[in-house]
2 protein chains.
Amino acid sequence: MTDPTSPHSTPTAAPSDRSTIKRSAHHASYDRAAIDAILDAALVAHVGIVDGGQPFVLPCAFARCGDELLLHGSVASRLFRNAAATRNICVTVTLLDGMIVARSTFESSMRYRSVVVVGDARLITDHEEKRAALEALSEHLIPGRSVETRPMLDVEIRQTSVVALSLAEAAAKIGDGFSDDPDDDVALPIWAGVVPLEQHWGEPMAAPNLVDGVDVPASVEALRLR
Amino acid sequence: MTDPTSPHSTPTAAPSDRSTIKRSAHHASYDRAAIDAILDAALVAHVGIVDGGQPFVLPCAFARCGDELLLHGSVASRLFRNAAATRNICVTVTLLDGMIVARSTFESSMRYRSVVVVGDARLITDHEEKRAALEALSEHLIPGRSVETRPMLDVEIRQTSVVALSLAEAAAKIGDGFSDDPDDDVALPIWAGVVPLEQHWGEPMAAPNLVDGVDVPASVEALRLR
């Protein structure tokens with residue numbers, strides 16, 4: 001997959017050495033519009049921390065809010081205690097778009113879009129900033145939902161940790177197109193192509209204890225139209 | 001989400017302290033059948049390494065082969081150079097199954113299945129073991145494909161690094177069911193339920209340079225029926 005005509009094949013400058021993509025650098029982009037588009041399309045991030053020399057990677061709901069990523073979890077979680085203490089984290093977001101099927105297993109790969117962000121986590125301690133961040137998280141996951149739910153309680157805000165990570169050191173990597181088979185392989189009568197991987201929201205299922213007469217809300221209907 | 005009748009709500013014993021799930025431990029499972037089912041349904045893992053104190057998380061195709069995870073990449077990649085040198089890695093696999101919509105944002109969450117594996121990576125150096133591992137990787141991604149492609153070349157095997165990670169220290173975590181709203185919230189006329197997230201393979205697209213008369217192969221057809 002080395003298409004020199006691809007728009008992301010001309011990398012912009014990396015903001016730091018630790019955020020520079022070394023492998024398949026022609027797939028790299030440091031362009032904020034490209035980075036934001038990937039982040040805004042994803043629901044889950046994988047957050048990497050180091051605890052006593054041991055790396056841990058944990059899945060986490062997230063949202064982009066302006067120039068920062070927001071992550072939330074229990075105040076008691078290892079992830080958030082660690083992020084607050086050591087601060088140095090890595091957040092990776094990956095969207096899988098399909099399988100690139102080549103004439104050889106060597107050239108076979110995947111269509112994907114990923115973003116890697118490194119930096120120092122900032123624990124949000126201000127109560128109102130935390131409330132706004134939690135609303136942004138809810139709005140990222142289900143736009144329009146936060147005005148349908150009952151209002152957040154102060155005790156809920158206190159029980160939640162929210163961490164912000166600057167997008168200053170972010171890099172995107174995109175695998176697209178078709179396989180880059182050598183000419184000898186292209187001449188073979190072996191199929192090559194792409195099998196797209198598609199994702200969509202299914203039919204909403206009401207909770208068994210839902211009170212009578214409550215319809216599927218606008219936010220959930222809108223989610224299914226995305 | 002604290003359903004005491006759920007089959008994974010009775011955790012088996014964790015194999016080590018670093019693989020013990022601390023948060024929402026009632027969602028944890030150390031059962032190999034549960035772990036294997038998640039791993040075998042996923043295509044991408046997020047691999048965490050530490051490089052000079054900095055955590056890095058990178059997406060990576062993987063396969064489970066018996067009691068090990070297999071990961072492959074370029075011999076030149078930071079991930080594989082690091083895994084071979086420091087050995088200590090974390091591999092996390094997450095399947096997102098839907099959104100759990102509660103009456104409050106606080107109780108809203110996701111349906112997911114995840115596995116976290118920690119341990120020392122083992123670089124596979126034996127040429128024939130590497131060939132078998134690369135075939136297992138190909139078969140995990142597209143079952144049946146490895147007999148349709150042209151045979152792997154020795155030079156391709158030499159250019160690829162394959163790392164194995166034992167499943168001895170693995171833990172699964174599953175979020176399912178509906179939201180666990182307190183009684184006061186359940187009484188509110190606010191919708192709660194689940195919106196499933198579904199994934200399927202789309203229509204195969206032939207490569208633009210495919211020679212005439214080559215049909216979509218059996219492996220790709222079978223993928224779409226899964």
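Author: Two strands pair if DSSP finds at least two bridges between them. Helices (H or I, at least four residues) and strands (E, at least two) are DSSP runs, numbered from the N terminus. The model is predicted: local features need pLDDT of at least 70, side-chain atom pairs count only at pLDDT 80 or more, and totals for chains, interfaces and linings use all residues. Residues are numbered from 1 along each chain as its sequence is written, while chains are lettered from A and ligands numbered from 1 in the order in which they are written.

Reader: Which residue of β10(A) stands opposite A:I100?

Author: Strand β5 (residues 88-101) of chain A and β10(A) run antiparallel, joined by four bridges. In that pairing, the residue of β10(A) opposite A:I100 is A:V194.

Reader: How many bridges join β5(A) to β6(A)?

Author: Strand β6 covers residues 109-120 of chain A. A:T92 faces A:V116 in this strand. β5(A) and β6(A) run antiparallel, and the bridges between them number twelve.

Reader: And which residue of β5(A) is the bridge partner of A:V47?

Author: Strand β2 (residues 44-51) of chain A is antiparallel to β5(A), with three bridges. A:H46 of chain A lies opposite A:T92 in β5(A). For A:V47 the partner is A:V91.

Reader: In the hairpin of β2(A) and β3(A), which residue takes a positive phi?

Author: β2(A) joins strand β3 (residues 54-65) of chain A through eight antiparallel bridges. A:A45 is set opposite A:C60 there. Two residues lie between the strands, and the one with a positive phi near 60 degrees is A:G52.

Reader: How many residues of β5(A) are buried?

Author: A residue is buried if 20 or more other C-beta atoms lie within 10 Å of its own, exposed if 12 or fewer, and partly exposed in between, with C-beta atoms placed from the backbone. Six of the eight residues of β2(A) are buried, so this strand is largely enclosed by the rest of the structure. β5(A) is likewise largely enclosed, because its buried residues number eleven of the 14.

Reader: What percentage of the residues of chain A count as buried?

Author: Chain A has six helices and eleven strands. Its C-alpha atoms fill a box of roughly 65 × 45 × 30 Å along the principal axes. Of its 226 residues, the buried share is 43%.

Reader: Which residues touch the most other members of the largest nonpolar core?

Author: A nonpolar core is a set of buried Ala, Val, Leu, Ile, Met, Phe, Trp, Tyr and Cys residues joined through C-beta atoms within 7 Å. The largest one has 117 residues. A:V101 touches residues of both chains, including A:W191, A:V194, B:I142 and B:V220 (contact: C-beta atoms, placed from the backbone, within 7 Å). The two residues asked for are A:V101 and B:V101.

Reader: Which strand gives the largest share of the side of chain B that touches chain A?

Author: Each chain puts residues into the contact: 83 from chain B and 83 from chain A. Nine residues make up the largest share of the side of chain B, and they come from strand β10 (residues 193-201) of chain B.

Reader: Which residue of β10(B) is the bridge partner of A:H200?

Author: Strand β10 (residues 193-201) of chain A meets β10(B) through five antiparallel bridges. The partner of A:H200 is B:E198.

Reader: Within what arc do the buried residues of α6(B) fall?

Author: In helix α6 (residues 218-225) of chain B, the buried residues are B:S219, B:V220 and B:L223. They line one face of the helix, because, seen down its axis, the directions from the axis to their C-beta atoms fall within an arc of 95 degrees.

Reader: What do those buried residues of α6(B) pack against?

Author: On the other side of α6(B), B:E221 and B:L225 are exposed. The buried residues pack against β10 of chain B together with two strands of chain A, β5 and β10.

Reader: Is B:D154 buried or exposed?

Author: B:D154 sits in helix α4 (residues 154-158) of chain B. B:R131 is 23 residues away in sequence and 8.6 Å away in space, C-alpha to C-alpha. With 10 other C-beta atoms within 10 Å, B:D154 is exposed.

Key:
Lists of a residue's contacts leave out its neighbours within four places in sequence.
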